[in-house]
Amino acid sequence: MTSKIPLNTIKISEKASEKVKEFAKNQSKVKFGLKVAVRSGGCSGLEYVLEIVDAPDENDKVISQNGLQIFIPKKAYIFLAGTYLDFSDGLNGKGFEFINPNAKSSCGCGDSFSV
Amino acid sequence: MPSHRVDAGILSQFNMIFLENSIETYKSPSIFIEPNHNIFRMKGKDTISFLDRISTNRIEKSSSIYSSETVLTNNKGSIIDVLKYKTLDPENIIFTFNINNKETINHLNNYIILDDVEISLEKKVIKLSYFSKNKNIPIELINHSSITNLDESFNYFRYELFIDKIILEKVFNLNSINNLTKSEKNLLEIYLNFFDYESTLSKINPLETGFQDSISFDKGCYVGQEVIARLYNYKKVSREIIYFKTKEMFNINDSFNNQDNISGKILSIEKNFDFFVGLCLIKKKDITKLKKEFILI
């Protein structure tokens, strides 16, 4: 699935989209978007950041998918281009899961990566 | 208070006495001055969080007059550099390195992606190492030092003070105290088991080189944490620092394999009479193979 994702965008699965909407509803958000970013940290050097926010920042790239707006800071975009964001629940589920073609390695829990 | 003292293993009594005899000739207190050290400032609202995420120690505000220490490691847990730092307020940290290279600054800057953090050169200073058999130190040195590090080993205290040269010359008469040569300072630090990270070293883990006190094991993720935590929790640290002596000169980071098939890596070395002595890393499983005198060649 990830190989089909062009490098000029990121994709989010329907299940992940629904989960984000559910979290937003729980926070009583009506107008919102999902901020997807990267910052230093985690065992591997770069960690993913997911946040429900009201509006994009000035330098955010905005992508609409599955009725959800995704905001990606331009500085983080080079680390995320071509990424597929999925969600798996249940007892063995990992929660939100990034399948990132830019990641050369990632830590055991999958929350951080190196390029 | 961070201390680099490591439990160095076997050094022959004979050799130890020679080393002790050398050290005993040094007056206490003694100083050694190294020029050209830099103090940097990390500034911005994400400063504490940023440094906390990319280094081993828990970064927090401290009211101590002494600096704290944190280790920068790569994602394999190998040391890149060691920072001595002081948190001035939630948005300002001043720090200095063991090694003054641009690569460490580049390493830090590479990790600033979205964080509100800016790193700049604060000032050029000298590093004054002050060795004393008691904890007393002239108060004017402490008062005028931007960053002060204190270590203790074998009833010796080592202060590292990062001070503006002009101010130092105004407040303290450097000729009133014994000045060590570079060789004397190195021998004293070897004797005291002080290991300072050098730029030529590579693939060194902080757990095997005495930096345990500069690692937080409960703060959560930081760069290199997965490897360091695994080594610590599963007790898999495989190497240990010991003293050695040799007839031949080695360079720091040189690997060796002696006639008893003990291999390791040189961490520090200095001439002492007809021998060279120093600290090296060897595999723990080889400790039992060591003879009383651990001679490389």
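Okay, let's start with a term: a residue counts as buried if 20 or more other C-beta atoms lie within 10 Å of its own, as exposed if 12 or fewer do, and as partly exposed in between, with C-beta atoms placed from the backbone. Take Leu150(B): this one is buried, because 20 other C-beta atoms lie within 10 Å.

Before I go on, two housekeeping notes. This is a predicted model, where local features need pLDDT of at least 70 and side-chain atom pairs count only at pLDDT 80 or more, while totals for chains, interfaces and linings use all residues. Residues are numbered from 1 along each chain as its sequence is written, and chains are lettered from A and ligands numbered from 1 in the order in which they are written.

Back to Leu150(B), which sits in strand 6 of chain B, residues 145-153. When I say strand or helix, I mean a DSSP run, numbered from the N terminus: H or I with at least four residues for helices, E with at least two for strands. Ile282(B) is 132 residues away along the chain from Leu150(B), and their C-alpha atoms are 27 Å apart.

Now the domains. Chain B splits into domain 1 (13-25 + 197-204 + 238-289) and domain 2 (30-179), with bounds from an automatic or database domain assignment. Taken over C-alpha atoms, their centres are separated by 27 Å. How many residues of domain 1 are in contact with domain 2 of chain B? It's 6, and they meet 7 residues of domain 2; contact here means C-beta atoms, placed from the backbone, within 7 Å.

What about the other chain? 14 residues of chain B are in contact with 16 residues of chain A. On the chain B side, helix 2 (47-54) and helix 7 (225-233) each give two or more residues, and helix 2 gives the most, with 3.

Most residues other than glycine have a negative phi, and most peptide bonds are trans. Ser28(B) and Pro29(B), though, are joined by a cis peptide bond, omega about 0°. Pro29(B) is in the loop between helix 1 (13-24) and strand 1 (30-43) of chain B.

Then there's Asn155(B), with a positive phi near 60°, in the loop between strand 6 and strand 7 (156-163) of chain B. Asn155(B) is exposed, since 8 other C-beta atoms lie within 10 Å. Lys203(B) also has a positive phi, near 55°, and its loop runs between helix 6 (182-191) and helix 7 of chain B. With 11 C-beta neighbours inside 10 Å, Lys203(B) counts as exposed.

Terms used: Contact = placed C-beta atoms within 7 Å.
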